[in-house]
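Please work through the two exercises below with the sequence and the model at hand. Each task is followed by a solution that goes step by step.

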Amino acid sequence: VDRTDRLAGAILCAFSLWVLWLAWPLPFGGIRDPGPGFLPRLLAVLLLVSGAIVALRGSAAPRLVALDWTELPRVLAIAAGMGFAALALESLGFRLTMFALLVYYLGIVERCPIGWVIALSIGLPLAVFHVIDSLLRVPLPRGVLGW
Amino acid sequence: MPVGDTLSNLALGFSVALQPEVLLYALAGCLLGTLVGMMPGLGPLAGISLLLPATFGLEPTVAIVLLAGVYYGAMYGGSTTSILMRIPGEAASVMTCIDGYAMTRRGRAGGALAIAALGSFVAGTLSLVGLMLLAPPLAAFAVRMGPPEFAALLLLGLLLLAYLSGGSMPKTLSMAALGLVLGMVGIDTMSGYTRFTFDLPQLGDGIGIVPIAVGLFGLSEVFLAAGRTVRPQVHRPRLRELLPTGEELRRSAGPAGRGTLLGFLVGILPGSAHVISSFLSYALERRLSKRPGEFGQGAVEGVAGPESANNAAASGAFVPMLALGVPSGPIPAVMLAALLLHGVPAGPMLIEQQPELFWGFIAAMYVGNVVLLMLNLPLVGVFVQILRIPYRYLYPVILVICITGVYAVNQSVFEVWVAIGFGLLGYLLRKLDFELAPIVLGVILAPLFELSVRQALAMSGGDLSIFWTRPVSLGLLVVAAALIAASLWPVIARRADWRDRMAAAERGGEG
C-alpha cells in the first residue's frame, strides 16, 4: 500500500465492509418487496467493488511519500479552533465564541498585528450577529451570559 | 407551449422580478456571488450553502432569485481571478486562466475582462431562452414518468456524472456510491426503520446537505490553502482599458455563440457540466481557429468561448432541476434543497403549480445578467482590492461565515461537527485526487433513487423486466450501457481518452 490509490481503495473497501456489517441486521426483503436493508447492502457491494478497482489500478498513482503534508499542522490547528467553536457556541454564545476563535486564528495561529486582531475579532462577530440575528431574524445562540 | 403563452408567462415573470424587493435581492445575490466566485475557498456551492439560512425569512421566489444570483455572479467572478492572477476563483474558470492571463501579461487585462463579461452576458441571456423553451415541455413529459423511468434516469444521471467528472471513473463511481450510502442515513420512509444513526436523534432525518456541502467544498479548500503566505500579485486594469478593440469583438462573436450552444447542451447533463463545457469550448475553438498557435499566448477566442460556455451551462443545469426535480450537479442539488426548505415541492408539477416562482426566476435571471454586466466591469477596481487581502486574514473570516451558516440552518451544533468532519474528509480526498461533487449528488439523490427502485419492483411483483419493457426506461438504460462501454474502451484499447487530455490542459492552466 505504497501508492495513494492503493491506500484509498483499501480504505474504501474497509468502509464498505463496515457498512455491510451495519446493514446486515436490517431486513433485506426480496426482489418482490425490497426491505430497508436492500439498497444499503447493494450499495456497500458497489462501493466494495469500485474500491477494489481503485486499489488494483493504483500502480500508476503517486507514491504516498511523494505527497506534501507541510500544511497539516496548520490544518489541525484550524480544525481544533473549529472544534472549540462547536463546543463553546451554545454555552458562551455566538459573539464571545467567535471573538475567542478569531483571537486564536489571527493572534495565535497567524500572528497578525495586534491592531488587526482586535479590530477583526470584535468587529466581525458583532457585524455577523447583527446581519443574521437582528436583520434576517435567524436566531444565533446568546449563551449563559446573554452574549 | 405556444409562443403567445410563453410570452405571457414571461410577462408574469417580469411582473414578479421587477418588484423592488426581488430586484434588490437579485442585485445583492449577483454582488455576493461575484465576491464568492473570486475568493479561493468560497466557490458557488459553498456560497449558496452559506446563504441558505439567510433566506429562511424570505419568500420562496425571492430566496431562489437570491441564490441564483449568487450562482451566476460566481460564474462571472471566477473569471476575474483567472484573468488577473492566473488563479481560477472556481473550477469552471480553469480554461480562462490560459489565454486570459496571457492577455493580461500582454497588457490586455481590461480587454480580456470585458470580453469575458460580454461573453457571459450573451451566453447567460441566450441560454435562458433555451431554459424557458425546454423546461415546460420536459416537465409536461416527466409527469407521465413512473418509478421505473425515474430509477433509470437517476442511474443514468449517476453514471453520466461519473463519466463526465473528468477524473478516474472508478474513483468517481466510488464517491457516488459513498454519497448514496451517506444518503441512506436516517429513517427509511417506506418501513420506518432507522439506518446508520448510531442512536443519535440528530441523524433521524439524515445528514444535512448544507454541512456536507460547506465541509466538502468550503472547509476543505481552507484546509488545503492553509499556510499560504505568498501575497497575491494582482494587475489592476484602468477603467479606460476595459473596452475591447473592434478586432477582439469580431473574433469573439463566433466563439461566444458556439460556447453558448455547447454550454447549454452540456449543462443539462449531470456532472461537472460548467467545467467540462469550458474545456470542450476551448478545445473546439482551438480546433476551429485559423491561428491555433496563438492559443496559450493570449488568444481572445480562448477567453470568449469558455466563459460563454460555463455561463450557458449554469442555465442548462436548471433544466432538469426545474423540469424534473432532479439536480444535475451539487449546485442545483443545494438549490433544490433550498426550495424544499421553503416548502416548495420540486418536480414536474413545479412549473404548473408555482408559475410565479418559475417565471419570476427566469425573469430575475435576465435582470441578473444585465446587473452583472453593468456592475462588474466598473467595480473591477474594488474587487481587485479584495483580492489583495492576504489569505491569513481572509480564511478566519471565511470560517466564521461557514460556522454561522451551518449552525443557522437548524440551530444545531451537531451540524457544525458534521461540517468539520466532512471538511477533514474532503481535505484528505482531495489530497488523494478524488472528486467531491459525486458525494453531494449521491446524498441528495439517494432517497429518490431508493424510493423509485423499490416502488418499481413492488409494481412489477419483483419482475426486473419492468425496467426494459417500458420504452423510456429502456432508452435511458441503453444510454447508460453505452456510457459504461465508452468508459471501458480506453482501458481495453490502452489509449488516452478525453479525461487525460482535460487533466493535461488543467495542469497547463494552473501551472
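The model is predicted, so local features need pLDDT of at least 70 and side-chain atom pairs count only at pLDDT 80 or more, while totals for chains, interfaces and linings use all residues. Residues are numbered from 1 along each chain as its sequence is written, chains are lettered from A in the order in which they are written, and side-chain values use heavy atoms, with hydrogens and water left out.

**Exercise 1.** Describe the interface of chain A and chain B.

*Solution.* Begin with contact, meaning heavy atoms within 4.5 Å: 63 residues of chain A touch 55 residues of chain B. Next, take the buried area (the accessible area, with a 1.4 Å probe, that two parts lose on being put together, summed over both), which is about 5,400 Å², with 80% given by carbon and sulfur atoms. On the side of chain A, Leu39(A), Leu43(A) and Met82(A) lose the most area to chain B, together 11% of what that side buries. Finally, look for salt bridges (a side-chain nitrogen of Lys or Arg within 4 Å of a carboxyl oxygen of Asp or Glu): the rule finds 2 across the interface. Lys431(B) and Glu71(A) form a salt bridge through their side chains, at 2.9 Å from N to O.

**Exercise 2.** Find which residues of H3(B) meet H9(B).

*Solution.* Leu45(B), Ala46(B), Ser49(B) and Leu50(B) of H3(B) meet residues of H9(B) including Val210(B) and Phe217(B).

Notes. Helices (H or I, at least four residues) and strands (E, at least two) are DSSP runs, numbered from the N terminus.
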